[in-house]
Amino acid sequence: MGEPRAYLRGMGIPEDQIRGGFSTFFPVALPGVPLDVIRAAFSDLHSFGFVNTDPSIFDTMTAGQGLQLLGDRLTPLARAFVRFCTVPE
């Protein structure tokens with residue numbers, strides 16, 4: 001969720017395959033991962049303060065769709081954690 005376009009490129013998933021709501025596109029973006037596992041992980045990320053969106057997003061209608069839904073959902077804490085994990089000293 002920190003760099004969705006780079007992730008999709010790296011996985012060889014065309015951006016136009018990411019459409020619909022969370023429940024539709026996450027299984028495409030994470031091939032082979034069951035939706036219930038994705039939902040549980042998203043819920044954990046929310047409870048740890050890493051994403052700023054309630055997991056109920058998987059069950060609601062949204063005005064947007066696809067890649068634009070990812071928007072800026074990482075919290076400052078999550079961005080710091082991603083930096084810690086990916087940037088060498």
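Student: How much space lies in the second largest pocket?

Tutor: In this predicted model, the second largest pocket holds about 180 Å³ of space. Its lining consists of M1, G2, E3, L45, F50, V51, L74, A78, F81 and V82, and helix α4, which spans residues 76-86, gives the most to that lining, with three residues.

Student: Why is L45 called partly exposed?

Tutor: L45 has a relative accessibility of 32%, and because partly exposed covers the range between the buried limit of 20% and the exposed limit of 50%, L45 belongs to that class. The residue sits in helix α3 and, with neighbours up to four places away in sequence set aside, touches F50 and V51. Ten residues along the chain separate L45 from P55, and their C-alpha atoms are 9.2 Å apart.

Student: Why is R73 counted as buried?

Tutor: Buried requires a relative accessible area under 20%, and R73 has 17%, so R73 counts as buried. It lies in the loop between α3 and α4, where, apart from neighbours within four places in sequence, it is in contact with M1, F22, F50, V51, N52 and T53.

Student: How do you know that the side chains of R73 and T53 make a polar contact?

Tutor: The distance given for the contact between these two side chains is 2.7 Å, and a polar contact asks for N or O atoms within 3.5 Å, one able to donate a hydrogen and the other to accept it, so the value falls inside the limit.

Student: What is the volume of the largest pocket, and what surrounds it?

Tutor: The largest pocket has a volume of about 330 Å³ and is lined by 19 residues, of which M1, Y7, F26, A29 and L30 lie nearest its centre. Helices α1 (4-11), α2 (22-29) and α3 (35-47) each supply at least two residues of the lining, with α3 giving the most, five residues. By class, this lining has 17 nonpolar residues, one polar and one charged.

Student: Which residues have the most contacts inside the largest nonpolar core?

Tutor: That core has 17 residues, and those with the most contacts inside it are L8, I18, F22, F25, F26, F42 and F58. The elements giving two or more residues to this core are α2 and α3, and the largest share, four residues, comes from α2. Leaving out residues up to four places away in sequence, L8 touches I13, E15, I18, A29 and L67. Nonpolar side chains in soluble globular proteins tend to be buried together.

Student: How many helices and strands does the protein have?

Tutor: The protein has four helices and zero strands, and from the N terminus its elements run α-α-α-α. Of its 89 residues, 29% count as buried.

Notes: Residues numbered from 1 in each chain as written. Predicted model: local features only at pLDDT ≥ 70, side-chain atom pairs only at ≥ 80, totals over all residues. Heavy atoms only, no water. 1 Å grid on protein atoms, 1.4 Å probe; cavity = no way out; pocket = protein on both sides within 12 Å on 5 of 7 lines; lining within 4 Å. Points joined across faces, edges and corners; volume = space filled by probe spheres on them. Nonpolar A, V, L, I, M, F, W, Y, C, P; charged D, E, K, R; others polar. Core = buried A, V, L, I, M, F, W, Y, C linked by side-chain atoms within 4.5 Å. Buried < 20%, exposed > 50% of the residue type's maximum accessible area, 1.4 Å probe, protein only. Contact = heavy atoms within 4.5 Å.
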